[in-house]
Amino acid sequence: MGRNKAVCCGLSALETTLAVLFVLMTAVSVTLIVLLVTRESDTAGETDPPAPTSDPQHSPYLIGVGRADCTGPPAEIPLMGYAQSSQLAAGIHTRLYSRAFIVDDGRKRVVFVTADVGMISQRLRLEVLRALRVKYGDLYRQDNVALSGTHTHCGLGGFFQYTLFMLSSKGYIPESVQPLVDGIVKSIDIAHRNMRPGRIYRKRGDLGGSSLNRSPHSYMNNPEEERHRYETNTDNQVVVLKFTDLDGDGIGMLSWFAVHAVSMNYTNRMVSSDNMGHASYLMEQDKNPGELPGQGGFVAGFSSSNLGDVTPNIKGPFCINTMKPCDYLNSSCPVGGTKMCQAFGPGNDMFESTRIIGHNIYMKAKELYAEADEEVTGSIQSAHQWVNMTDVKIQLNDTHVVSTCKPALGHSFAAGTTDGGGDLNFTQGATDGDPFWNGIRDALVGPPSNETQDCHHPKPILFSTGEINWPLPWHPQIIDVQIITVGSVAIVAVPGEFTTMSGRRLRAAVKQELESDGVNRDWEVVLAGLSNVYTHYITTFEEYQVQRYEGASTIFGPHTLSAYLQKYAGLARAIAQVSKLPPGPEPPFFEKNLFNLLSAATLDRKPDNTSFGDVLQQVYPVYRPPSSLVFLLSVTFDVVFFLFLQRDKTFVTVEIFDNRTETWEIVHTDASWETRFHWLKGSNRQSNATVEWHIPATAQAGSYRIQHFGHCKQLKGLQTVITPYSGSSDTFTVTPSFYHL
């Protein structure tokens, strides 16, 4: 008995020892695997990142951030935003970027992209989703990918498939579309490859002195009781999400603030990311020390919000020909009409205003980022539908049902705003049509139907775009509505420009539905403006009655906001109840009848006995900061070859000579705030480029040079040859004092 017991006990001890060894080896193996799969990789083609295996309610998220250039060819293509036919791209103020943020809780994944573009068009979104499907299958879809534009008015146009937008931007321009699609997809690729375990924190604060309501008369038409709930007639809140790795090191930031990106006005012809892009630039330079713009691992996205009636031109409007205040009701001047009524500030020119507003937004976001300590936890959800917005029924009360309308624009749409007035004799606040312009409209495109006129009342219809379908429909009818939630943060992706009060009502409606599940959550609801498809403006019913520019541009009629409140409440309810919604009718993807009015590419020429890149105006030998340097070269380039050969590479470098290594080191590119790259189209297919370097007071003393890079297209024999060229300045000195030498 004892022996048998001994043998038994001996075997038991051996089994225990083996079991312990097995557990230890398993733990070591798991640790090694975790270390390998969570290590950041810089190589392309990496497999999908690992997902957390424990309960996502208590686990860190997998987080990825990415940034990619989406500038496009900065020559001859119309800039999108002001609808000024003369505002054709002619250089670079700052480069444009797409910034992507991916969050995964181990069960679901969402992607949010904020891109330096006027807005996300339906065609652009569909092109991006198609490209993602080719790469990733069903991983990234219409329901879990939200695309938002910063609303810069100085990015390239030509990325729409609807006639009205094509008419204002010389058609559908592949040379403009492809860099946007590639840049957005590449930013998602980078974020996908860089996914790692991390945490998210949130913080909210207020920023004053950086925005002004440009339609206060409309705002005052909202109910008095509602207006008294708020201290100001603009939303001054800044919301920040802070992304860190598990060590607490920052990897990215997302921020929302409601202000138009129109500090750069309609006279500018350089591609520019405007004030929101400058905020991103400052934050990324701060968090990526020593890196050139557009480089470094930290990604800072500054997204648009309910900016419909909000301008950064905080000095307000006045008549530029008399320096007197504009008419309060219709924003016009006795002499010159709406074109003379312009808003400015806070700087003395558009560059200084862009810098000031961008810096203000950056400083507030930086403060909130440093203070963010409320961790975002919980599951990830998303809800999306396509909606035919031309006939949404809204039950206002027990007896009253109203409907949205076919798209139409009112007369005041043509008046423009105080950020950029129209050229013709239209004024804001028009509730009666002009027989003269109605007659021209009828001759060109036909009158609106009685049904559409009645539906849009009191809007006097200038263009009944929902009833014009040649060569393609003039406006979209199938619209995306979408909400993505990360823990207790809900991002409401809205398809246009919600006014201040419209945005407040939508946030409240979504918040109410999300909290209907009975779970005690302090939901942070943010509106991501100009997302997924562009439908102009969305005012309140009361603001619509005034028919200023924003009301005249609310294309689905006076009950547009009520329809969106109903649809987004439905999305929020589906998220709260974890239920699925029908996808709705898919939008069209037009293959035929897209037109392109951009001139065909031609051969480049240069004067006899010269070379591309020859210097016409040399630099001075010595500069003392702060000062401005202007460097003029004889160059030429063509829009097509800008795109395919130079689109994500700099046209300009400012370089300092390193005496230790006897090499030139790049300190600025055309993405830098300090540089400006101008292109002047000359006659006989000859052009000039001018490089400006605004030397900052912090510039290091030393020897510098400026270089320009490009491509030219020539005919050699019977063959077309595309050749790279460059031009370089003489070496010059930057010194603290002219007497330094």
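Predicted model: local features only at pLDDT ≥ 70, side-chain atom pairs only at ≥ 80, totals over all residues.
Residues are numbered from 1 along each chain as its sequence is written. Local features need pLDDT of at least 70 and side-chain atom pairs count only at pLDDT 80 or more, whereas totals for chains, interfaces and linings use all residues; side-chain values use heavy atoms, with hydrogens and water left out.

The structure contains 3 disulfides, a disulfide being a pair of cysteine sulfur atoms within 2.5 Å. When the bonded cysteines of the protein are numbered in sequence order, the pairing reads 1-3, 2-4, 5-6. Cys-319 is joined to Cys-333 with an S to S distance of 2.2 Å, and this link is left-handed, with -105° about the S-S bond. Because Cys-319 lies in strand β14 (residues 316-319) and Cys-333 in the loop between β14 and β15 (341-344), the pair ties together parts that are 14 residues apart in sequence. Helices (H or I, at least four residues) and strands (E, at least two) are DSSP runs, numbered from the N terminus. Cys-319 and Cys-333 are both buried, where buried means under 20% relative accessible area, exposed over 50%, and partly exposed in between (1.4 Å probe, protein chains only).

The sulfur atoms of Cys-326 and Cys-341 are likewise 2.2 Å apart in a disulfide. The torsion about their S-S bond is about 115°, so this disulfide is right-handed. Cys-326 is in the loop between β14 and β15 and Cys-341 is in strand β15, 15 residues apart. Both cysteines of this pair, Cys-326 and Cys-341, are buried.

In the disulfide of Cys-405 and Cys-455, the S to S distance is 2.0 Å. With a torsion of about -90° about the S-S bond, the disulfide of Cys-405 and Cys-455 is left-handed. Cys-405 lies in the loop between β19 (401-403) and β20 (409-410) and Cys-455 in helix α10 (residues 450-456), so parts that are 50 residues apart in sequence are tied together. Cys-405 counts as buried at 2% relative accessibility, whereas Cys-455, at 24%, counts as partly exposed.

An open sheet of mixed pairing is formed by 4 strands in the order β17-β24-β25-β27; two strands pair if DSSP finds at least two bridges between them. Its edge strands, β17 (380-388) and β27 (524-528), each pair on one side only. Strand β25 (residues 489-493) runs parallel to β27 and is joined to it by 5 bridges, with Val-489 opposite Glu-524 in β27.
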